[in-house]
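Welcome, and thanks for taking a look at this one. Please open the structure below and keep it beside you as you read.

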Amino acid sequence: MAALLTVLVSGCIVPRRPPEPEEIRHQSMGDVGLDHPWKAGQPAQGEILDNWLASFGDSTLDALVHEALVANPDLRVAASRMHQAGELLVQARAPLFPWLGVAGTGGLKASGGGGDPSSALQGIVAAASWELDLWGRMRYARNAASEDNVSAQADYQFARQSIAAAVARAWFTAIQLGQQARITGEMVDSSGQLAKLTEDRERVGAGTDVDSAMARANVHNLEDARAQAEYGRDQALRALELLLGRYPAAEIATRTDFVAMPPPPPVGVPLAMLERRPDVVAAERRVAAAFNRIGEAKAAMLPRITLNLNFGAFKSDILTLQDDFENPTGGVGARLLAPIYQGGTLRANVRVRTLQQQEALAAYAGAALRALGDVENAIAAGSSLARRVTALGEAYREQKRALELTETSMRVGRSDRRALEQQRLSEANAHIALLGVQAEQLAQRVNLHLALGGSFETPPAPPPQ
């Protein structure tokens, strides 16, 4: 037995390693270039940085993100899936170790004499069983579960990053809509004053009833705009509260202004992004898991040998054991299971696993291309929005200057109240337009960080080797 075991173990096949990440990218994406700068622009150069949440300098936003990390239901689902993958890895490792067990049977005699037929034999047996992994089937299964575990961890990390980004975007949107609702309310007051002035002009013959009707219509239009802005603000607050795991009551108090726009972050090169972005890493590890499952399916077509060992002792008050039965007793043996014909199931399983690997490669290509598109779009949007913020900021400043000049002109009698209210409306419209683009610019900066795969927090130091 020892000699047979030595021969079998020495002949065990070492499982093949799955393709390296470079090979996975080549198989799924062909010759797509990844070592060049980003095409959408030339932002700050350097390696991708972590801890992007701190770059906004908003302590309230920091607190909201950490609240969401604790209470968000979707994130709890992702955490549960990650832990499940860890337990499935434990299950996949288990067949590589011997199985040990103890079984026993016994009972008491029935009153009045005679043995209990249900306990005719009493005894205890200790047994051990170990399947030799000759062809690597169980090691392939373990390796596949290990890759699934890494993939689940990466999915969880990307879920955390996505929740942080969603909270930041919702926060900026709530700030913008809150300011818009306030400004629109001021516009309603100005338009109401303007309507009264227009009616006064009609009474003294300086205006017409058409002018008065148009002025009143403008008041109603602005009242509608105020209602829409207030509704949008409440919807943004409820969306934010749902991300935080709170009751959606639209009760969060927002800032009265935006934080300063952080400087452009380093963006690295496309290849570096693919190597660190968690959802792409998860897709890559699923390709490796599919590769191992092909090896497991192929190994399942080959014979299996299981070694058995048992030791036990028995007695009976009813039955008489054979004279040559040694008690206690034990033994060692082996079991061979060689599949001959199963209707094509095993070969079909190999083909299924092969197709699943092709599916995983295609899914990786899709995830990688989407990630590349996310970064390119975020860089392009950031560049465009920066120009728009500059232009609208200048327009808003000019409108404010015009309002100041109109106020001065009215004080010296060169213009009337009607011109002042009209200029206030123009200044408010310019402010609302600027706020919308500023909010979009902050949201796109968050999108860029998420697309690059940088963490919103400082990653913990790696453990010592």
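Helix 5, residues 137-203, is built from 67 residues and spans 96 Å between its first and last C-alpha, close to the 99 Å expected at 1.5 Å a residue. Keep in mind as you browse that this is a predicted model.

Just past the end of helix 5 you will find Gly 205, whose phi is positive, at about 85 degrees.

## The chain as a whole

Stepping back, the chain holds ten helices and four strands. Following the sequence, their order is α-α-α-α-β-β-α-α-α-α-β-β-α-α. The radius of gyration is 36 Å, well over the 23 Å that the globule rule gives for 465 residues, so the chain is more spread out than a compact globule. Along the principal axes, the C-alpha atoms fill a box of roughly 130 × 70 × 50 Å.

How much of the chain is buried? Of the 465 residues, 39% are buried. As for contacts between residues at least 6 apart in sequence, 84% of them join residues at least 24 apart.

## Where helix 2 meets helix 8

Two packed helices can be described by the angle between their axes together with the distance between those axes. For helix 2 (residues 21-29) and helix 8 (residues 278-299), the axes come within 11 Å and cross at roughly 90 degrees. Angles of 65 to 115 degrees count as roughly perpendicular, so helix 2 is roughly perpendicular to helix 8.

Which residues make this contact? Helix 2 brings Pro 21, Ile 24 and Arg 25, while helix 8 brings Glu 284, Arg 285 and Val 287. Sorted by class, the contact of helix 2 with helix 8 has three nonpolar and three charged residues, and no polar ones.

Ala 338 sits in the loop that joins strand 4 (329-337) to helix 9 (345-411). Is this residue buried, partly exposed or exposed? With a relative accessibility of 35%, Ala 338 counts as partly exposed.

Ser 409 has a relative accessible area of 17% and is buried, because the cut-off for buried is under 20%. Leaving aside residues up to four places away in sequence, Ser 409 touches Arg 414 and Ser 415.

Conventions:
Residues are numbered from 1 along each chain as its sequence is written. This is a predicted model: local features need pLDDT of at least 70, side-chain atom pairs count only at pLDDT 80 or more; totals for chains, interfaces and linings use all residues. Side-chain values use heavy atoms; hydrogens and water are left out. Helices (H or I, at least four residues) and strands (E, at least two) are DSSP runs, numbered from the N terminus. Buried means under 20% relative accessible area, exposed over 50%, partly exposed in between (1.4 Å probe, protein chains only). The expected span of a helix is 1.5 Å times one less than its number of residues. Axes are lines fitted to C-alpha atoms, for helices over the stretch in contact, and angles run from 0 to 180 degrees between N-to-C directions. Angles under 35 degrees count as roughly parallel, over 145 as roughly antiparallel, 65 to 115 as roughly perpendicular and the rest as oblique. Contact means heavy atoms within 4.5 Å. Ala, Val, Leu, Ile, Met, Phe, Trp, Tyr, Cys and Pro count as nonpolar, Asp, Glu, Lys and Arg as charged, and the others, Gly among them, as polar. The radius of gyration is taken over C-alpha atoms; the globule rule is 2.2 Å times the number of residues to the power 0.38.
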